[in-house]
Each structure stands twice: as structure tokens, then as C-alpha cells.
Amino acid sequence: GKGGHSSVPPTDSDPVLTLSRALVKIGEFRFPPRVIAAAKEQLAADAKLEAPAVAEAEARVARVGRVSDDDERVLSTERFVNAQLRTTCVTTQLLGSPQDNVLPTSAEATVNCRILPDETREQTIATLQRVVGDPAVEITPTADFGFGPYTAVDAEISRAMTKAVDAVWPGVPIVPTMGTGATDSRQLR
């Protein structure tokens, strides 16, 4: 935008309005739910501990390996389960004018995405660009935080852990899980 004083608002482009429209689209968008192997086993284990409606949906999703529309309505309201089933993006920071009476020449938002381990940052950016659909909105990564390759739940390390645990605690169930927050997995995988 052109900037200036708020007493003379713009009639052509307003960076805050443009950004706000983009953020509403991102906020309302839901990446499609998918069941990756680690989530499948974790859902099956969690289903034994949940309230009936959630437990039934989790057990069904774990058994079938996909999320039906009915199960989606139940599981998408459960924050931790929802994060196991899809890439999620949420606005965490906003920047605009340096003063309360100054029109900003640009507006910026940080949208933090937690990307499923078998997806890429580039795929996520492309999806967000498609969802926003406005060439005036630039979507760029803030930094390269690194990533680890997707680790299959039946990988050699998993078999070794199962063998070690079984030697000490025979019959104890081992359930692969996928963390939704900060972990060292991208370095350790």
C-alpha cells in the first residue's frame, strides 16, 4: 500500500485488508484428513481410552485406514486427534503499522504449519497459495528448520525396539506415535 495517515484511507489497496482476507481463507481451510501408519496404530490404542463417540470413530479409522465424513465430523473437533490426521496451519503473529494512526505500506503474518511427516513444505506452500488465490499475497517460508525423512513404523529401528522391550517386559504393547509439538525427531530420524 501507499501508507499515509489513517484520516485519509486508501481507495485502491489496503495491505491489512488483503492479508486479512488471505488469513480468513487459510483459517477456514482444512487439509484433507489422511491416516498414516503411525497415526493408525496410535488411534487404535487411544480408542480404548476415549469417550464412546470418539472411541468408535478412532477405532473405525484405525481399522479402515481412512476417515469418512461422519468420522471427520467427530474427530476434527478433537484437537490432538485432528493434528494426527492432517497438516495444520494457524496464524500465530501479525505485523502492520508502526503506530495506531499510520496506514501500513505492508502487512505480514506468520502462519505456523505442522506438516505431516510424509508431506513437504513445498507441497504445503503450494496448497496455501491455491487456497489464498491472490497474487498480491506472498507466501514464503521464514527459515529452513530442517526435517527428517519419513520413518516407517515397521522400520528396522522399530523392530529392534520391539525386540529389546519384549526381552525385558514380555507382552507389553508398543505403539508408534506421532508427536504434534516440538521434538528432536527431525535430527534423530
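Student: Arg86 and Glu72: buried or exposed?

Tutor: Both Arg86 and Glu72 are buried. Keep in mind that this is a predicted model, where local features need pLDDT of at least 70, side-chain atom pairs count only at pLDDT 80 or more, and totals for chains, interfaces and linings use all residues. Residues are numbered from 1 along each chain as its sequence is written, and side-chain values use heavy atoms, with hydrogens and water left out.

Student: What makes Glu72 buried?

Tutor: Its relative accessible area is 18%. Buried means under 20%, exposed means over 50%, and partly exposed is in between, all with a 1.4 Å probe and protein chains only. Glu72 is therefore buried at 18%.

Student: Which residues is Glu72 in contact with?

Tutor: Contact means heavy atoms within 4.5 Å. Leaving aside neighbours within four places in sequence, Glu72 is in contact with Pro33, Val67 and Arg86.

Student: How do you know that Arg86 and Glu72 form a salt bridge?

Tutor: Check the gap: the closest N and O atoms of Arg86 and Glu72 are 2.6 Å apart. The rule wants a side-chain nitrogen of Lys or Arg within 4 Å of a carboxyl oxygen of Asp or Glu, so 2.6 Å qualifies. Arg86 lies in the loop between α5 (79-85) and β2 (88-95) while Glu72 lies in helix α4, so the pair ties together parts that are 14 residues apart in sequence.

Student: How many salt bridges does that rule give?

Tutor: Five salt bridges. One of them joins the side chains of Arg34 and Glu119, at 2.9 Å from N to O.

Student: What does the pair of Arg34 and Glu119 tie together?

Tutor: Parts that are 85 residues apart in sequence, because Arg34 lies in the loop between α1 (15-28) and α2 (37-46), and Glu119 in the loop between β4 (108-114) and α6 (121-132). Those helices and strands are DSSP runs (helices H or I, at least four residues; strands E, at least two), numbered from the N terminus.

Student: Why is Arg34 called partly exposed?

Tutor: Arg34 has 28% relative accessibility, so it falls between the 20% and 50% limits. Glu119, at 21%, also counts as partly exposed.

Student: Where do Arg73 and Asp70 lie?

Tutor: Both are in helix α4 (residues 69-75), three residues apart, about one turn of the helix. Arg73 forms a salt bridge with Asp70, with closest N and O atoms 2.3 Å apart. Asp70 is exposed, with 51% relative accessibility.

Student: Why are Phe29 and Phe31 called edge-to-face?

Tutor: A search of the whole structure finds one aromatic pair. It is Phe29 and Phe31, with 5.0 Å centre to centre and 75 degrees between the planes. Rings of Phe, Tyr and Trp (its six-membered ring) pair if their centres lie within 6.5 Å, and planes under 30 degrees apart count as stacked, over 60 as edge-to-face and the rest as tilted. So 5.0 Å makes them a pair, and 75 degrees makes it edge-to-face. Phe29 is partly exposed at 22%, whereas Phe31 is buried at 7%.

Student: Which residues make up the largest nonpolar core?

Tutor: There are ten: Val35, Leu43, Val54, Ala57, Val61, Ala62, Val67, Leu75, Val81 and Leu85. A nonpolar core is a set of buried Ala, Val, Leu, Ile, Met, Phe, Trp, Tyr and Cys residues joined through side-chain atoms within 4.5 Å. Helix α3 (52-64) and α5 each supply at least two residues, and α3 gives the most, with four. Apart from this core lies another of nine residues, among them Ala22, Cys89, Leu128 and Ile139.

Student: What makes the nonpolar surface patch?

Tutor: Val168, Trp169 and Val172 make it, with about 320 Å². Patch residues have over 30% relative accessible area and no salt bridge; like charges are joined within 9 Å and nonpolar side chains (Val, Leu, Ile, Met, Phe, Trp, Tyr) within 5 Å. Areas come from the Shrake-Rupley method with a 1.4 Å probe. Val168, in helix α7 (residues 156-168), has 55% relative accessibility and so counts as exposed.
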